[in-house]
Amino acid sequence: MAGDVVIRVRGLRNSFGDQVVHDDLNLDVRRGEIIGVVGGSGTGKSVLMRSIIGLQTPDEGDVTVFGESTIGREETDALDIRKRWGVLFQGGALFSTLTVAENTQVPLREFYPHMDKKLLDEIASYKVVMTGLPANAGPKFPAELSGGMRKRAGLARALALDPELLFLDEPTAGLDPIGAAAFDELTMSLQRTMGLTVFLITHDLDSLYAICDRVAVLADQRVIAVGTIDELLALDHPWIQEYFRGPRGRAAASTDERAALTGAQPTGAQPTGAVLTGAALKGAALKGTGN
């Protein structure tokens with residue numbers, strides 16, 4: 001249903017000089033899902049996210065978020081939409097001269113410049129603890145934090161306005177397996193308690209199996225398929241097969257299978273009636289946009 005689509009991308013084209021990154025890219029993101037976005041290096045995963053949130057102006061195409069276009073709008077016109085999403089950029093992207101609490105307050109100060117300082121401090125303190133950081137992390141500077149703590153601090157800032165939509169760009173990159181798994185669990189917990197829709201760019205196969213409802217695959221300058229991992233595995237596309245059936249893909253899948261055998265909660269993506277989409281694949285012509 002159209003009302004269940006939070007992000008709709010149609011005919012997107014992005015290029016940098018002679019290099020075409022996206023050409024006729026289409027994608028729908030449904031309300032309340034965690035959708036993983038994967039693709040090889042240079043396929044434009046981060047460029048797609050930047051196009052959606054208005055940091056990248058595409059050559060062609062249309063992007064709507066919450067039913068409103070995000071392309072070509074004045075910054076002041078898009079304020080109401082921007083309040084409804086939060087973004088965790090790669091590495092956290094914290095301001096090095098601000099404390100964790102002050103970084104968390106940045107969106108609050110931007111959208112509510114007259115907010116009382118005491119309330120700002122209270123909200124920041126709550127968001128810091130919500131992301132699993134110790135309460136004493138607030139007065140610390142990013143340089144005093146570990147890599148994993150910086151990501152959580154960036155997440156606290158992304159959640160400052162209680163968004164409906166959360167963008168995560170490689171949130172587990174550089175984390176050890178225990179830290180990555182803990183971040184996945186945190187993401188899933190926040191998604192459930194806050195009713196978030198999550199747009200997750202990742203290379204982490206464990207994350208895809210553990211928390212994603214659907215996965216969108218970028219290749220050949222567009223989204224070639226969207227579906228659960230089981231649905232993607234049924235496709236005869238070289239990159240998809242190599243990615244999910246390679247040694248690391250088999251290891252991630254076997255973890256999921258072991259959980260099922262032991263009676264634990266399965267970590268694989270749950271079927272949501274997803275429809276595959278994309279360009280003509282080897283042996284199949286798949287059309288649509290993941291509705």
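Which residue in E8 is the bridge partner of Leu168? The partner is Leu200. What we have here is a predicted model, in which local features need pLDDT of at least 70, side-chain atom pairs count only at pLDDT 80 or more, and totals for chains, interfaces and linings use all residues. Residues are numbered from 1 along each chain as its sequence is written, and side-chain values use heavy atoms, with hydrogens and water left out.

A word on confidence. The pLDDT, the predictor's confidence in each residue on a scale from 0 to 100, averages 86 over the chain, and 82% of the residues score at least 70. Over residues 258-291 the pLDDT is below 50. Beyond near neighbours in sequence, that stretch has 75 contacts in the model, a contact being heavy atoms within 4.5 Å.

I turn to the strands. Helices (H or I, at least four residues) and strands (E, at least two) are DSSP runs, numbered from the N terminus; two strands pair if DSSP finds at least two bridges between them. The bridge I asked about belongs to strand E7 (residues 165-169) and strand E8 (residues 197-201), which run parallel and are joined by five bridges. Both strands sit in an open sheet of six, with the order E6-E7-E8-E3-E9-E10 and mixed pairing. Its edge strands, each pairing on one side only, are E6 (85-88) and E10 (222-227). From one strand to the next, the twist averages 15°.

Elsewhere, strands E1 (residues 5-16) and E2 (residues 19-30) pair in the antiparallel sense over eight bridges. Val5 has Arg30 in E2 as its bridge partner. Two residues lie between the strands of this hairpin, where Gly17 takes a positive phi near 65°.

Next, the helices. Helix H5 lies across E6 and E7 and runs at about 165° to E6. Axes are lines fitted to C-alpha atoms, for helices over the stretch in contact, and angles run from 0 to 180 degrees between N-to-C directions. The axes of H3 (residues 100-111) and H5 (residues 147-158) come within 7 Å and cross at roughly 30°. H3 is therefore roughly parallel to H5, a term for angles under 35 degrees. At their contact, Val100, Asn103, Thr104, Val106 and Pro107 in H3 meet Ala153, Ala156 and Arg157 in H5.

Methods: Parallel < 35°, antiparallel > 145°, perpendicular 65-115°, else oblique.
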